[in-house]
Amino acid sequence: MFLERMQHSFFFCDYYIYKRCRLLKDSEPILYDELLNQCKKGNPSAYTALYEKHAKELYNTIFRIVQHSGEAEDVLQDTFIAAFKGIAQFEQRSSFAAWIKRIAINQSISVLRKRKIRFVETEIDVLGDAVDEASLDESDFQFKVDAVKEAINHLSLGYRTVVQLYLLDGIPQEEIAQILGITNSTVRTQYHRAKQQIIMTLKKSRVYE
């Protein structure tokens, strides 16, 4: 399926960045649960270690949404401030990485809302019939990740945000609807049309010919 192919491609592109973000810089790494417990106790060294562990990955997530380095840095700081203020209530039912990522995404969407951006279906569908996904070669997705990401960057902001949240951040469509304040059907429509536009862009750039 298209979704699986896209996720497979982005995995290869971000693998080494992901691995680096999973390591603590301490010569004797603290067990992760203990690191969280130390943060809850207000240990400044634990705050620093947790920041260094997650900052780069979170920055990449934030930047994909806000598309501005300065704003991304501000959102990153706001994200950790909010997370550290609320860490005493973090019950570890989910991973800390997933928890703080949701905070980062919500903070990023707030920035977009301040720009008066509305995530509603306003674009006219001029694409016609769906592009035949069977014509895509899976091997091309493994070696043309940059082309796929470039095609995503050419989407309108609403489409791009839905695609990034769904494909890159792994957020279910129902939750995307809640985050953006739109209906589930609007998310599905925007994702479907964004997918068509991505494929058409790749075809026009002769990626698959």
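I take contact to mean heavy atoms within 4.5 Å. With that, I looked up Lys-101. Leaving aside its neighbours within four places in sequence, Lys-101 is in contact with Leu-58, Thr-61, Leu-168 and Asp-169.

**Ground rules.** I am reading a predicted model, where local features need pLDDT of at least 70, side-chain atom pairs count only at pLDDT 80 or more, and totals for chains, interfaces and linings use all residues. Residues are numbered from 1 along each chain as its sequence is written, and side-chain values use heavy atoms, with hydrogens and water left out.

**Lys-101.** I placed Lys-101 in helix α5. Helices here are DSSP runs (H or I, at least four residues; strands are E, at least two), numbered from the N terminus. Is Lys-101 buried or exposed? I found it buried, with a relative accessible area of 16%. The cut-offs are under 20% for buried, over 50% for exposed, and partly exposed in between (1.4 Å probe, protein chains only).

**Salt bridges.** I searched the whole structure and got three salt bridges. Each needs a side-chain nitrogen of Lys or Arg within 4 Å of a carboxyl oxygen of Asp or Glu.

I began with Asp-169 and Arg-64, whose side chains meet at 2.9 Å, N to O. Asp-169 sits in the loop between α8 (157-168) and α9 (173-180) and Arg-64 in helix α3 (residues 44-66), so this pair ties together parts 105 residues apart in sequence. Both Asp-169 and Arg-64 are buried.

Next came Lys-101 and Asp-169, at 3.3 Å, N to O. Helix α5 (residues 96-114) holds Lys-101 and the α8-α9 loop holds Asp-169, so the pair ties together parts that are 68 residues apart in sequence. I noted that Arg-64, Lys-101 and Asp-169 are linked in a network of salt bridges.

Then I checked Arg-102 and Glu-175, which meet at 2.6 Å, N to O. Arg-102 in helix α5 and Glu-175 in helix α9 are 73 residues apart. Arg-102 is partly exposed at 27% relative accessibility, and Glu-175 is partly exposed at 24%.

**Aromatic rings.** How many aromatic pairs does the structure hold? I count eight. Rings of Phe, Tyr and Trp (its six-membered ring) pair if their centres lie within 6.5 Å; planes under 30 degrees apart are stacked, over 60 edge-to-face, and the rest tilted.

Tyr-47 and Phe-84 make a tilted pair, 4.5 Å centre to centre with 45 degrees between the planes. Tyr-47 lies in helix α3 and Phe-84 in helix α4 (residues 69-86), 37 residues apart. I also logged one aromatic cluster of Tyr-47, Tyr-51, Phe-80 and Phe-84.
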